[in-house]
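Dear colleague,

I am passing on to you the structure that I have been looking at, and below it you will find what I noted. Please keep it open beside the text as you read.

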Amino acid sequence: MYGHINNAVRQLVLDKFGKVAWEGILVEAGLRKDEAWVYYDVYDDGVTVSLVVAAASKLGVGADVVLDMFGAFFLEYLKLHDMDRLLHIMGDNLRSFLYNLDYLHAHLADTFKSASFPHFRLEDVTDGSDAFLLHYTSTRGPLLAPFVKGLVCAISTELYKTEADIRVETNDTGAVFHIQMPTVAAEETAAAPAGAEVAEEEELG
């Protein structure tokens, strides 16, 4: 993986848990306390995996929890490094954004020439609900599925102000994300100002 990924893990731990926790994770992972990565250099996936496993051990949670947390944080990391501009032209809603992910990765491949980008495909759910499936295929299999879930949740919340309910089913080549979007009525209720319903009842009365 590119150095950006390991540096993002570092930033997450420093921001959420502090320097002592980060140094402890480095030691647990068999790395130096002053270990550093060049943003655009490529490093073995094993380095990132060792960081995640060490973080899970030190924080007392599962590796999937760390990856989910990392996915949610990654959007913030992109903003901090002014790398989020493309994200704002990916579509008017979460579904459009996810549909355009492969196009985004094709564009990024010009810069990150050694990257192994995953493939995403949308599938409609024919039960009449506002839901859809996101098929995720990666050369790394399901390893980063929790990261993808955390990132998609963050994008839905931060970019589109919508709380998506996401359920994950992993498989040998990646995962299928069952994504349920809130109904329009639910969104309007959540966005309504406090006391609006009371005022409406008074008017009707």
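Leu75 has its place in helix H4, which covers residues 63-80, and in this model, which is a predicted one, Leu75 has a relative accessibility of 2%. Because buried means under 20% relative accessible area, Leu75 counts as buried. If its neighbours within four places in sequence are left aside, the residues in contact with Leu75 are Leu87, Leu151, Ala154, Ile155 and Glu158. Glu158 lies 83 residues from Leu75 in sequence, and yet their C-alpha atoms are 8.7 Å apart in space.

Next comes the sheet. In general, the strands of a sheet pair through backbone hydrogen bonds, and this can be done in a parallel or an antiparallel way. Here there is an open sheet of 4 strands, in which the order is E1-E2-E4-E3 and the pairing is antiparallel. Strand E1 (119-124) and strand E3 (165-171) each have a single partner strand, since they stand at the edges, and so one side of each is left without a neighbour in the sheet. From one strand to the next, the twist averages 20 degrees.

The antiparallel pair formed by E3 and strand E4 (residues 174-180) extends over 7 bridges, and within it you can look for Thr170, which stands opposite Ala175 in E4. Helix H7, made of residues 145-160, packs on this sheet and touches E1, strand E2 (131-137), E3 and E4, while its direction makes about 160 degrees with that of E3.

Technical notes:
Residues are numbered from 1 along each chain as its sequence is written. This is a predicted model: local features need pLDDT of at least 70, side-chain atom pairs count only at pLDDT 80 or more; totals for chains, interfaces and linings use all residues. Side-chain values use heavy atoms; hydrogens and water are left out. Two strands pair if DSSP finds at least two bridges between them. Helices (H or I, at least four residues) and strands (E, at least two) are DSSP runs, numbered from the N terminus. Axes are lines fitted to C-alpha atoms, for helices over the stretch in contact, and angles run from 0 to 180 degrees between N-to-C directions. Contact means heavy atoms within 4.5 Å. Buried means under 20% relative accessible area, exposed over 50%, partly exposed in between (1.4 Å probe, protein chains only).
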